[in-house]
Each structure stands twice: as C-alpha cells, then as structure tokens.
Amino acid sequence: MKKRDLTFTIIGGEYRGKKLPLPSKETTRATKSIIRGSVFDTLQFAIVDEIFIELFGGSGSMGLEALSRGAQKVYFFEKDRSAARILEQNAAALDKGRTRLVYGDSFEHFPLLAESLKQQGRAAYIYIDPPFDIREGMEGIYDRVVDLIAAIPPEIVLKIIVEHMSGVPFADTIGPFQKEKSRKFGKTTVTYYTVA
C-alpha cells in the first residue's frame with residue numbers, strides 16, 4: 001500500500017514549488033491544490049499588498065499561498081495544538097514576519113481581529129474553511145459560520161470565501177453580504193461573498 005504523502009506544495013508566486021508538511025488527516029483537511037488554484041485564479045493580483053485571514057487554518061495552505069502571491073500580512077486561526085505547531089513551522093519556513101498565528105477557537109478570537117482592523121481602517125480577504133459538519137462534534141458548525149459571517153463589519157471585507165460541503169447550500173445573502181458565485185469541486189464547494 002502506498003504511503004500517503006503528508007506534504008502540500010505552494011503552487012504559485014515567490015515560493016512556488018516549496019513543499020511543506022501537513023498535520024495528520026485526523027485533525028485537519030488540507031485544501032486541495034485544484035481548489036487553491038481556482039481561488040487564486042479568481043483573486044489574481046488583487047491579493048498583492050492586502051491582508052489575508054485564514055480561519056480554521058490547519059496546515060495554513062491557503063494563507064501561505066496568499067503569502068507567496070504577495071499578501072502583505074496573513075493571519076491564521078487554529079485551535080488544534082499539533083496543527084498549530086506545524087502551521088507555525090510552515091509560516092517560519094516562508095516569511096514569519098508577514099504572518100501571525102492566533103492559537104485558539106476561530107469563533108472566539110476572530111471578532112477581536114475584526115474589531116482591530118475596523119479601528120485601523122483596514123480590509124481583508126477572509127477565507128473560512130471549517131471542519132466538515134459530518135465530523136464528530138462538528139454538527140451545527142455551518143450555522144455558527146453563518147452567524148460569524150453575518151456579524152463581520154462590512155467595512156473590513158474585501159471578499160469572504162467559504163469552503164464547505166457541496167451538500168450544504170449557503171444563502172444568497174448573509175447579513176450585509178451578497179453571494180457573488182459558487183464553484184463546485186466534487187464534495188467540496190467554494191462560495192464567494194462581497195459587500196451587498
């Protein structure tokens with residue numbers, strides 16, 4: 001039986017081709033490279049010199065891709081200790097000075113960053129990739145994600161991107177945000193929101 005490769009590769013930008021370790025599959029799911037490619041094809045050069053926030057960071061594959069493509073600062077939120085440790089190592093392997101890891105629950109800690117950005121008059125790309133709600137203990141997580149999105153101050157949002165199970169539709173409008181588009185990749189869908 002072939003051993004699973006526990007790494008991911010940066011697919012574009014300054015660190016293209018760089019291989020980085022993944023946490024164990026039990027704790028997190030890495031965003032597939034086809035999805036990463038699609039998201040950054042959508043954002044393209046708009047990401048340069050902007051803030052990128054990755055909630056439920058896992059290995060940090062989305063935020064580190066953003067960093068490689070010129071994001072000014074990347075914030076990660078991750079509460080699993082072993083995943084956070086690997087994420088921190090991955091960020092240090094690229095550019096620790098442009099990253100910040102917030103260790104803890106995304107629902108609890110993100111609103112504090114959102115308020116700080118609001119006070120600074122800064123806006124960000126916000127990537128939300130919660131554990132699939134079929135995982136034990138994660139029932140109802142999508143309802144919590146919707147509540148979290150609805151409470152985000154619209155002035156801090158350049159775009160909100162949600163990676164979710166294809167079987168769970170996200171509403172056309174959440175609070176002050178309007179669905180821009182959804183792209184399906186088998187069991188996973190990526191849905192984009194902008195300020196209505």
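A contact here means heavy atoms within 4.5 Å. Among contacts in the chain between residues at least 6 apart in sequence, 62% join residues at least 24 apart. This is a predicted model, in which local features need pLDDT of at least 70 and side-chain atom pairs count only at pLDDT 80 or more, while totals for chains, interfaces and linings use all residues. Residues are numbered from 1 along each chain as its sequence is written, and side-chain values use heavy atoms, with hydrogens and water left out.

**Overall make-up**

- The secondary structure of the chain comes to five helices and ten strands, where helices (H or I, at least four residues) and strands (E, at least two) are DSSP runs numbered from the N terminus.
- Of the 196 residues, 49% count as buried, a word that stands for under 20% relative accessible area, with exposed meaning over 50% and partly exposed the range in between (1.4 Å probe, protein chains only).
- The chain exposes about 9,600 Å², of which carbon and sulfur atoms supply 51%; accessible areas come from the Shrake-Rupley method with a 1.4 Å probe, and for residues only the protein chains shown count as cover.

**The sheet**

- Eight strands form an open sheet with mixed pairing, in the order S5-S4-S3-S6-S7-S10-S9-S8, two strands being taken as paired if DSSP finds at least two bridges between them.
- The edges are strand S5 (99–103) and strand S8 (173–174), each of which pairs on one side only.
- Strand S3 (residues 51–55) and strand S6 (residues 124–128) run parallel and are joined by five bridges, and Glu 54 stands opposite Tyr 127 in S6.
- S4 and S5 also pair in the parallel sense, over five bridges, with Val 102 in S5 as the bridge partner of Phe 77.

**Helices against the sheet**

- Helix H3 (residues 81–94) lies across S4 and S5 and runs at about 170 degrees to S5, where axes are lines fitted to C-alpha atoms, for helices over the stretch in contact, and angles run from 0 to 180 degrees between N-to-C directions.
- S4, H3 and S5 together make a right-handed β-α-β unit, which is to say that, with the strands pointing away from the viewer, the path from the first strand over the helix to the second runs clockwise.
- In helix H1 (residues 33–43), the buried residues are Ile 35, Arg 36, Gly 37, Ser 38, Val 39, Phe 40 and Leu 43, and just after H1, Gln 44 takes a positive phi of about 45 degrees.

**Salt bridges**

- The structure holds seven salt bridges, each a side-chain nitrogen of Lys or Arg within 4 Å of a carboxyl oxygen of Asp or Glu.
- Arg 36, Glu 65 and Arg 69 are linked in a network of salt bridges, and within it the side chains of Glu 65 and Arg 69 meet at 2.9 Å, N to O.
- Glu 65 is buried, with a relative accessible area of 0%, whereas Arg 69 counts as partly exposed at 23% relative accessibility.
- Asp 105 forms a salt bridge with Lys 79, their closest N and O atoms being 3.7 Å apart.
- Asp 105 lies in the loop between S5 and helix H4 (106–120) and Lys 79 in the loop between S4 and H3, so this pair ties together parts that are 26 residues apart in sequence.
- Asp 105 counts as buried at 18% relative accessibility.
- Arg 98 forms a salt bridge with Asp 95, with the closest N and O atoms 3.1 Å apart, and Asp 95 counts as partly exposed at 22% relative accessibility.
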